[in-house]
Amino acid sequence: MGTLSFSIDSAKLQKRSDEITKGVDRAPGRSLLYATGRVKRPEDMDKPFIAVCNSYIEIVPGHVHLRRLAEIAKEEIRKAGAVPFEFNTIGVDDGIAMGHIGMRYSLPSRELIADSAETVINAHWFDGVLFMPNCDKITPGMLMAAARTNVPSVFVSGGPMKAGMDPNGKAITLSNMFEAVGAFKDGKLSKEDFLEMERNACPTCGSCAGMFTANSMNCLMEALGMALPYNGTALAVSKEREELVRQAARRVVEVVKENLKPRDIMTKEAFDDIYAADMAMGGSTNTVLHGLAIAHEAGVDYTEEDINKIAKRTPHIAKIAPSSHWTMEDVHNAGGMPAIMNELVEMGGDVFHPDRPSVTGKTIRENVAGHHSEDLEVIRPVEKAYSPVGGLSVLYGNVAKKGSVIKSAGVDPSIKEFTGKAVCFNSHDEAVAGIDSGAVKKGDVVVIRYEGPKGGPGMPEMLNPTSDIIGRGLERDVALITDGRFSGATHGICIGHVSPEAASGGEIALIKDGDTIHIDLEKRTVDLCVSEEELEHRRKELKPFVPKVKQGYLARYQALVTSADTGGVMVGYQQLAKIANNTNN
């Protein structure tokens, strides 16, 4: 990667921060700025103020190194002629929070991150923001804040971890560790090997080594145009990651100078292209949830139907863990996102829209021009694609009238349809207990409901039950549908985000044990083989949903969150006013 250089004339720059640094009335505020030690001389008041929005937190391995990277970034921002001010957001580690009440906080944390970043950025009139996320809900939360505040911004993530190693010397990721739980419970893995995997599955800092949610989002930031090339794949522990941070830090000052704002980049075509890139690389199903939420904040009208249109015209050219044994390091060595995107660009037509702006100061086309796969097994050419259609699908039917999502890239390619008998569970914990007890057998469709945005609350991930199914060797023989969501580490015949959810009276609440469910991956349908008359009879007998949480943040979230098909965003002020009026009346 080359070195970016530029100069900036602060005296001629119209700055947002003038609101807090100019005029006699702002003297008290300037005194407080001097007290921080970040502003040392009067001339510093004329420089751009750059927020470094850091998600450093010691219990998240993807973030433990971000304090060090932030220091590198701040030094470069100072050298570039601006004043950096670091602040932090919260973070939840999905892997650690998995399978208990902690997972209820994961998706809701996205809204807190967006709200807190917005609050600091707007309260202090920053001129620009360098966002430093890495994992799960933190990256989309910051992207939502960038779209909402529309302040010139650049993103640089912390990078993926190296792959671990199993007792046989085979590369593994966190998804293998979750699947090892099922294998160990089923007696297929020894205690010694199980413990060795536990100690070695995650060997370094960084986001987990497969194309799970964190790395999917960090890769898609390149396609969106909000991050520099290789943001999604350069390892957390590499010198290349440090240089990427330096370049991003210098670049954010230039973006302020150019007045290039997030909404200039986050257009309808940009969202088309992030999903095209997602389809090509077979990313996490959570990208559907987060992309819709980011588009909502950017004022772009985007739906799951738009995503299906992209899927139908985009080839699937990269299978990355958990869909294969290839890891993020392999993807990086094969050419990273520039190679994947350039394959789509060279297809021509409407598959990709490369002449869009990006935070590099160049178009997407210029960012990826000349980049080709260095390993044709890891990143395939279009003519040798795994599939002519994308690695994610939105399924509709009488079970999911507003849509549901499957990572088709993670399904055995020989499986085009699946028909089975429903085995119903009304919670994640019930499902895990049922699978462990042997209640789930070949030919079943596991139904996990009341785990959506409202029902969970918080739409928890179902990685434990899906991993148990895979660990017991039932990946091809058992399907699963849920109004909850999946970790990016999930693969198999697993359909999530079923909307409307059970807590809102969705049809998934009407399924009974033994009902036949038919899944058609080519037609993109999921249907309950029960008559409309019978479903109407069941609806009349359905008991009203009783919220599980009565106090605290989750109770507020539960009351205000929208459906998965709209990205699970919180209701807007107009809807809040309607709720308030109904309450008063």
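## Cavities

Ala, Val, Leu, Ile, Met, Phe, Trp, Tyr, Cys and Pro count here as nonpolar, Asp, Glu, Lys and Arg as charged, and the others, Gly among them, as polar. By these classes, the lining of the second largest cavity has eight nonpolar, two polar and no charged residues. The model is a predicted one, and it holds three cavities of 30 Å³ or more.

Helices α9 (213-224), α12 (268-281) and α13 (286-298) each supply at least two of the lining residues; the largest share, four residues, comes from α9.

The largest cavity holds about 70 Å³. Around it lie S284, T285, K407, F486, S487, G488, T490, H491, G492 and C494. This lining divides into two nonpolar, seven polar and one charged residue.

## Eight-stranded sheet

Eight strands make up an open sheet of mixed pairing, in the order β7-β8-β12-β11-β10-β9-β13-β14. At its edges are β7 (393-395) and β14 (525-528), each of which pairs on one side only. Direction ignored, neighbouring strands of this sheet are turned by 30° against each other on average.

Within the sheet, β10 (residues 444-448) and β11 (residues 479-482) run parallel and are joined by four bridges. Opposite I448 stands T482 in β11.

## Residue V83

V83 lies in strand β2 (residues 83-88). With a relative accessible area of 4%, V83 is buried. Beyond its neighbours within four places in sequence, V83 contacts R38, V39, D44, K47, P48, F49, I50 and I77. E475 is 392 residues from V83 in sequence and 53 Å from V83 in space, C-alpha to C-alpha.

Note on methods. Residues numbered from 1 in each chain as written. Predicted model: local features only at pLDDT ≥ 70, side-chain atom pairs only at ≥ 80, totals over all residues. Heavy atoms only, no water. Buried < 20%, exposed > 50% of the residue type's maximum accessible area, 1.4 Å probe, protein only. Contact = heavy atoms within 4.5 Å. Pairing = 2+ DSSP bridges. Axes fitted to C-alpha atoms, helices over the stretch in contact; angles between N-to-C directions. 1 Å grid on protein atoms, 1.4 Å probe; cavity = no way out; pocket = protein on both sides within 12 Å on 5 of 7 lines; lining within 4 Å. Points joined across faces, edges and corners; volume = space filled by probe spheres on them.
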